[in-house]
Amino acid sequence: MQIIGLILFILYVCLPLAFRFLPTFQRHMVFLPYVRWPFGVDFADPESQGLSGARNLYLETDADVKVGVWHILPESVMDAKFETPEDSFSSGHPIILYLHGNSGSRAGSHRIELYKILQSLNYHVVTMDYRGYADSTQAHMSEDGVITDATAVYNYIKKHSKDAMIVVWGHSLGTGVASRTVGQLCSEKRSPDRLILEAPFNNIRDEIRNHPLSYIFRPIPAFDWFFTEPLVANDLAFDSDLHIPKIDSPILILHAQDDAVIPIILAKKLYEVALNKRPADWPPVQFVEFHYNFGYAHKYICRAPELPSIIQEYIDSSLDTRKSGKQLIA
């Protein structure tokens, strides 16, 4: 009985108090750079990860902060010669800025699967690791920090891309990064051409309330006081539902019905905000959900046979041919 009592004391007293009063603990629950798979990645050599036509570079995003970046060329220009690597951005092919989720690195296996699909569709892929992740500077992690990183990489692309289309693609926590980054860019009249949100949440508070790991803590009467309110106070809010009404770019939301990490209901809440709080004459917001029978869960929408055609139609077709709405892939 004493052992059980000790376990309950740690679970329901020590852990909630640690989360409430230790910002470092909060950051390491939101950002998981220490969850590294695969191990031993040579980030300087993306071809060692099976990526052809790719290069590694480092971009300064803030004072004393550099982030690791891969630039993967479209399939049709992999063997082309450019005076500088940046000259390739003006090849006329769409450019995808990919913002990954909260664990691992840009070398995650499901991420590489997606890069290869996008490359085969003749898109540039620029993928980065935020500060604190992988081979980027091991700096203090916060929402402001990762937004600064993402914005700096976007600025680098924009500087060299001339009139090429730029698409911002966020996955999981990366959708929170993407929503705020793009919201700010739109407010500055520097809107990207498209925004794709894969497995998004509406805000980090609802995500924590619905996350499987929070299940045992939900009966605590002061749950929000312990677990959600401190995030806002410590620059970890990720309020996508506050930023998405500012986004005047077309928006595509992708979500699997069997996603247990970010339940699809949170993506639907975000969709409703985008649908109802943006001006009616702004470009459309589309929602594509994938039936639970496929088993794509949180990470594997990249394996949907329909994904290439969905993305190609979204990126390449005229805005005049699309309307807001939902689509179920079953």
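A nonpolar core is a set of buried Ala, Val, Leu, Ile, Met, Phe, Trp, Tyr and Cys residues joined through side-chain atoms within 4.5 Å. Buried means under 20% relative accessible area, exposed over 50%, and partly exposed in between (1.4 Å probe, protein chains only). This is a predicted model, in which local features need pLDDT of at least 70, side-chain atom pairs count only at pLDDT 80 or more, and totals for chains, interfaces and linings use all residues. Residues are numbered from 1 along each chain as its sequence is written, and side-chain values use heavy atoms, with hydrogens and water left out.

**View 1. The largest nonpolar core holds 59 residues.** Phe-31, Leu-99, Val-153 and Phe-238 have the most contacts inside it. Domain 1 (1-31 + 212-235) and domain 2 (35-211 + 236-329) each supply at least three residues to this core; the bounds come from an automatic or database domain assignment.

**View 2. Val-153 and its contacts.** Contact means heavy atoms within 4.5 Å. Neighbours within four places in sequence are left aside. Val-153 then touches Leu-59, Val-67, Val-69, Leu-97, Val-126 and Met-128.

**View 3. Helices α1 (residues 2-21) and α2 (residues 23-30) pack at about 95 degrees.** Their axes are 5 Å apart. α1 is therefore roughly perpendicular to α2 (65 to 115 degrees; under 35 is roughly parallel, over 145 roughly antiparallel, the rest oblique). Axes are lines fitted to C-alpha atoms, for helices over the stretch in contact, and angles run from 0 to 180 degrees between N-to-C directions. Helices (H or I, at least four residues) and strands (E, at least two) are DSSP runs, numbered from the N terminus. From α1, Leu-15, Ala-18, Phe-19, Arg-20 and Phe-21 meet Pro-23, Phe-25, Gln-26 and Met-29 of α2.

**View 4. Ser-172, in the loop between β5 (166-171) and α5 (173-187).** Ser-172 is not a glycine, yet has a positive phi of about 60 degrees. Most residues other than glycine have a negative phi. Ser-172 is buried, at 6% relative accessible area. Beyond neighbours within four places in sequence, Ser-172 contacts Gly-101, Glu-198, Ala-199, Phe-201, Ile-262 and His-298.

**View 5. Asn-122, in the loop between α3 (109-120) and β4 (124-128).** Asn-122 also is not a glycine and has a positive phi, of about 70 degrees. Asn-122 is partly exposed, at 24% relative accessibility.
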